[in-house]
Amino acid sequence: MAADLTETTTAATPRFLAQLRPHQIVLGLFLLAYPLIASDFWIVQIGAQTLFLGLIGLSLMLLAGYGGMVSLAQMAIAGMAGYMFAIFGENSANLGLGWPWWLVLPTAILFAVAFATVTGFLSVRTEGIYTIMITLAIAVAFFYFCQQNYAIFNGFNGFAGLKPPQVFGVDWRAPYPFYYLALAVAALGYFGVLYLSRSTFGIALQAIRDNPRRMAALGFNVRAHRVAAYALAAVPAALGGLFLVWFNGRISPGTINVGAAINILVIAILGGLGRPIGPFIGALIFVLLDNFAIDLIARERFNLVIGGAFLAVVLFSPDGVLGLWDKLKRRLAKRGGA
Amino acid sequence: MKLFLLTFLNGLTLAALYFLVASGFSLVFGLMRNVNLAHGSLYLLGAYIGYSVIRWTGSWYLGVAGGFLAIALVGLLLQLLIFRHMEGQDMRQTMVTIGLSIVLADVMLWIWSGNTYQFEAPDILTGTVAMPFVKIYSMYRLVILGTSIAIGIGLWLFLNKTPIGMMIRAGVDDRAMLAATGVNVPLVFAVTFAIGAGLAGFAGVVGGTALSIAPGEDVRYLLASLIVTIVGGMGSIVGAAIGALLIGMAEQFGLAYSPTYGVVYTFLIMVLVLAFRPQGIMGKRA
């Protein structure tokens, strides 16, 4: 750490790579080699789904962990990107505008960012639990709007027949390409958020989380920072949302209902809001429970299992699995030192 | 003209229902700073319990009483077992109530399955009433409106004219000072929570009779409570009434005149209030 302070002139990226610790490299290699040892089910259903749900969770982690703003609208923002992909691109109902993929993808992400910015403008007027209430209201309002509106969002049915664009002649929905694409984008999101947290903006955001009045007195525009955080957090959410519609092949209001919005919160809290790896851990637990709750009790009782796990975490370990891990590490270090 | 009046009346009765649910939510939040995001689940649980009681006893009135009492008890237990142990940690309380609402929704699905239930009010309360312009209107909906107004006035009198109400209002303004004057604040909290929760249960049975009950209604009423409270202001009965009226009207007029954009009006009201009065129409600045 001390070396960091002196090396101010070196480029950001190499120093960034030099900071990778051994367990991160091992994990990275494992994730790269994972498809070689896993079946298609484990590659796509577990692997890729964990990665893109983690991305949506990551956007909440960025807002809540660094900005202190718990937003329940992140799933709606992801859904916005998914809907825009369906509307501007192609879908099976021939309702799409059929734009080329290199135009559709940025448009979808831009719409999500715009939606998030509006959400940010509305919710930064409030704090703490009010933020949860307002973002939840926005998310539910968006859900009902999509469900009732047939002119743009095709109402209850939504859009089907969505698939990733064919680029470089690769079928990106096939297990291997889909997994590696999700892995690449998740890594981009992970390192992007890590980089952001150490940038001037990220430090200011964390300072605003800790003491908004002092930061305002120091001349920082508290609201502008918060709105910018919403806009930035929309990017991983939008990317996750695109993978979600590619994975499901469809999007309908059910994709973005309250349950889905809460699931993202569950994912982020289960893993822990302290570090960007948290939501990915949370997503892994969530996806595993989702697929194997059938073995624990019954398939229909999945919500009971995940709700119970969530309750246990918020009641006994507010920092999530990451908090448990840190506690364990501290205890081991203490024993080692003694 | 007929459509307008009919929509107006429907808006009024929906507002009455929203008021019943949201006033409890707003009261609990105003006094204890707990956002009870399981409030919608309490509504649905009350409706289901009321349904079961009606099935067993055959009496609609017992069903209403059962819904109120059972949910008041659940509220009391929530307050004693959970909220009391996390005072001041509002973010954690919020998370816990979200977790509870997930679990409760699934338990209710387990017990009462995913069917839609409807039950009948007693004959005196049903039927139609002759009304000017709209010709006839559902008697039961007018009963809901009347009940809601009566409860609203009763709550207002309770809060403004009785000693306990005075303590609750004092608690809204300054909890520590109230405790310092020797008032048993935990007891006041428990009573308020029980009343607020009980109202949700009551609204569940009454509303379930007018409309129907099915999984998912919990979310609808949670959203209604949230928006009504955001618009009306926290901890204010009058605010909850104004908010409920605005949202109920917006929803019904939206549904009648521009069905695909109905939700937008509700949303616009919330946005306008947040833009010009972030603390809500009747809310006090924290």
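This passage describes the predicted model of a complex, covering its chain A, its chain B and the contact of the two.

Residues are numbered from 1 along each chain as its sequence is written, while chains are lettered from A and ligands numbered from 1 in the order in which they are written. Because the model is predicted, local features need pLDDT of at least 70 and side-chain atom pairs count only at pLDDT 80 or more, whereas totals for chains, interfaces and linings use all residues. The predictor assigns the complex an ipTM of 0.74 and a pTM of 0.81. For chain B, the mean pLDDT (the predictor's confidence in each residue, from 0 to 100) is 83, and 97% of the residues of chain B reach 70 or more.

Chain A contains 15 helices and two strands, taken as DSSP runs numbered from the N terminus (H or I, at least four residues, for helices; E, at least two, for strands). Of its 338 residues, 46% count as buried, a residue being buried if 20 or more other C-beta atoms, placed from the backbone, lie within 10 Å of its own. Among contacts in chain A (C-beta atoms, placed from the backbone, within 7 Å) between residues at least 6 apart in sequence, 74% join residues at least 24 apart.

Thr50(A) lies in helix 4 (residues 40-67) of chain A and counts as buried because it has 24 C-beta neighbours inside 10 Å. When residues up to four places away in sequence are not counted, Thr50(A) touches Phe280(A), Ala283(A), Leu284(A) and Val287(A).

The axes of helix 9 (residues 200-210) and helix 11 of chain A come within 10 Å and cross at roughly 115°, where axes are lines fitted to C-alpha atoms over the stretch in contact and angles run from 0 to 180 degrees between N-to-C directions. Ala204(A), Leu205(A) and Ile208(A) of helix 9 form this contact with Val222(A), His225(A), Arg226(A) and Ala229(A) of helix 11.

In chain B, the axes of helix 9 (residues 217-232) and helix 11 (residues 262-276) come within 9 Å and cross at roughly 35°. Here Ile227(B), Ile230(B) and Val231(B) of helix 9 meet Thr266(B), Ile269(B), Met270(B) and Val273(B) of helix 11. Helix 5 of chain B (residues 139-161), with 23 residues, should span 33 Å at 1.5 Å a residue, and its end C-alpha atoms, 32 Å apart, agree with this. Buried residues of helix 5 of chain B include Tyr140(B), Val143(B), Ile151(B) and Leu159(B).

The contact between the chains takes 33 residues from chain A and 32 residues from chain B. On the side of chain A that touches chain B, the elements giving two or more residues are helix 7 (129-148), helix 12 (258-271) and helix 14 (302-316) of chain A, and helix 7 gives the most, with eleven residues.

Definitions and conventions:
Expected span 1.5 Å × (residues − 1). Buried ≥ 20, exposed ≤ 12 C-beta atoms within 10 Å, placed from the backbone.
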